[in-house]
Amino acid sequence: MIPVGLDEIRALGLGRLEQADGGAPRAPVTGIRADSREVGPGDLFVALNAGVAYVDEARARGASTLVPDDQDAALAALASLVRSKSSARAVAIVGSAGKTTTKDVLGVLCAPHTPTIWSERSLNNEIGVPLTVCRLEPETVVLVTEMGMRGAGQIAALCEVVRPEVAVVTHIGPEHLELVGTVERVAEANAEAVASLPSGGIAVVPSRARELDRFLERGDVEVHRFDPDDVELDDGRGRFSLDGRQVELELPFTQRHHALNVLAALHAYAALGLPLDHVHEGARDIELSPWRGQELPLPGGGFVVNDAYNANPDSMRAGLQALAWMSRHPERGRRSWAVLGEMAELGHDTISEHDRIGRLVVRLDVSRLVVVGTGRSMRAMHHGAVMEGSWGGEATMVDDADAALALLRAELEPGDVVLVKASNSAGLGALAQSLARATTG
C-alpha cells in the first residue's frame, strides 16, 4: 500500500486510534486490513463489527488499530486518503449481471502490460471497495473496481472514493427490484458511475440497454457501446469485434454471455490505451470466480456449470440459453439438466418471473428441470414448466440441495451437461462441486 502517516489518519478523527505495541511513533502505515489474522508490523487493523474483540490481538501482532465511530465513513475516508496519493487510472464496473467476471477478465488482461490492482472476489460494497482502494501501491497504474448497488446514491458514493476515468455498465435488467422498484431505477442507479466521470472520461455500455440512453447525453464523455452481435464463441475460442478491430482469444468457458463480458472488458482495456495486439498475453490467465459459471468436468465428456452465486431473470435466461446451446451443438448430442433455485429480491414480480423461467425451460427443450425448494416462488417455477405444455423433458421438485444431489447422482448419464443456478441465498453453491467430486472421484 502507498504509505500514509499515522498522524494523517489521526487528523481524520475517525474513532479510537491506537499505535502498535512497541511501534515507532512516526512509522508509516503500509497496509489497511479488516482481518486481525492477516495483520503484521506496519498494518492498521480496522475493527469492523465484531472485529473490536480482536483489537488487542492485532496490536500484539505489531499492527496499529482503529475502532471507528462509523465504519463505512471511516473506510471511505481511509481509502480517499490513499487514493489522493495515487495517479492510477481507475475503472468502475457496475451493472445488473456480469460485474465480477468483467472485473476479473479486465484485471488479468491489463496485468501483463502495466501494474494493475483489481478487486478480490466480489468485494463490491461500502466495505469491499475501500479495502480494494487501500491496496494501491506507489507503482500502480490501473485500478479495477467492481461496484454493487442496493439503492440510489450508493454507486455515486463509491465513485467519490475511487474517482474512475472509465465506467463499464455490464448489463441493465431486473435486480433488487424489491429495493429499487423498476428496471428504469436500476438503470438510474448504475448510471451514477457515468455521472461520476471527469471530462474526457469513457463510458462502456451495452448497446441494447435503452434505459441508459438518457444518462449518456454528456458531451464531454466518450461512449463506447458493445453488442452481442460483435461476439462469436465456438468451443472456447472467442472472436470479438471492437472499434473496427478483430480480436481472437482462447477462453476457459463455452458460455456466450460470459464472452459478452469479455467484450466489455476488451473495450475498457482499449479505453485505457493498452495494446490490443498483445491482449492475448493476459487472456491465458482468465479464470471465472467460484460459483460464477465455472465448468467442472463430469464423466463421459459432460460437465456441470456452477453459476450459483447470483441470479436475476436476465442472467437466468442467459444461463438457460447457453445450456440449450451446449447440449445441441453439432456433434454434441447430450442431455441437459437445469438445477435451479430461487431468484431473490424481485419484489412483486417474484411469482411471475419464476413462472416465466419454468416456461422458458420447456421452450428451450431442456431435458430435465430440477426445482430446488418448495416455497411459493419455486412452486411457481415448477407450475410454469408444467403449464407450458408437454415436451421431451421432465420437471421435478425437490426439498433442498441434498435431495437434488441425490437425484443427480442416481440419474446422470455420461456426457450430460448440468447448469446449477440460483441466488446465493438459495444455498446451491456447493452442489456443483459435490456433484463433480461424487461422479469423478
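Start by selecting Cys159: in this predicted model, Cys159 is buried, with 3% relative accessible area. Now look for a bonding partner. The closest cysteine sulfur belongs to Cys134, and at 16 Å from the sulfur of Cys159 it is too far for a bond, since a disulfide needs the two sulfur atoms within 2.5 Å.

Is Cys134 buried or exposed? Cys134 is buried, with a relative accessible area of 3%. If you were hoping to find a disulfide anywhere else, the structure holds zero of them. Cys134 is in none, its nearest cysteine sulfur being that of Cys159, 16 Å away.

Next stop: Thr100. You'll find Thr100 in helix H4, which covers residues 99-110. Thr100 counts as buried because its relative accessibility is 3%, under the 20% cut-off. Show what surrounds it: beyond the neighbours within four places in sequence, Thr100 is in contact with Arg121, Ser122, Glu146, Ser289 and Arg292.

Last, select residues 313-328 (helix H12) and residues 350-363 (helix H13). How do the two helices run relative to each other? Their axes come within 11 Å and cross at roughly 10 degrees, so H12 and H13 are roughly parallel, as angles under 35 degrees count that way.

From H12, pick Pro313, Met316, Arg317 and Leu320; across from them in H13 are Glu353, Ile357, Leu360 and Val361. Colour this contact by residue type and you get six nonpolar residues, two charged and no polar ones.

Note on methods
Residues are numbered from 1 along each chain as its sequence is written. This is a predicted model: local features need pLDDT of at least 70, side-chain atom pairs count only at pLDDT 80 or more; totals for chains, interfaces and linings use all residues. Side-chain values use heavy atoms; hydrogens and water are left out. Helices (H or I, at least four residues) and strands (E, at least two) are DSSP runs, numbered from the N terminus. Buried means under 20% relative accessible area, exposed over 50%, partly exposed in between (1.4 Å probe, protein chains only). Contact means heavy atoms within 4.5 Å. Axes are lines fitted to C-alpha atoms, for helices over the stretch in contact, and angles run from 0 to 180 degrees between N-to-C directions. Angles under 35 degrees count as roughly parallel, over 145 as roughly antiparallel, 65 to 115 as roughly perpendicular and the rest as oblique. Ala, Val, Leu, Ile, Met, Phe, Trp, Tyr, Cys and Pro count as nonpolar, Asp, Glu, Lys and Arg as charged, and the others, Gly among them, as polar.
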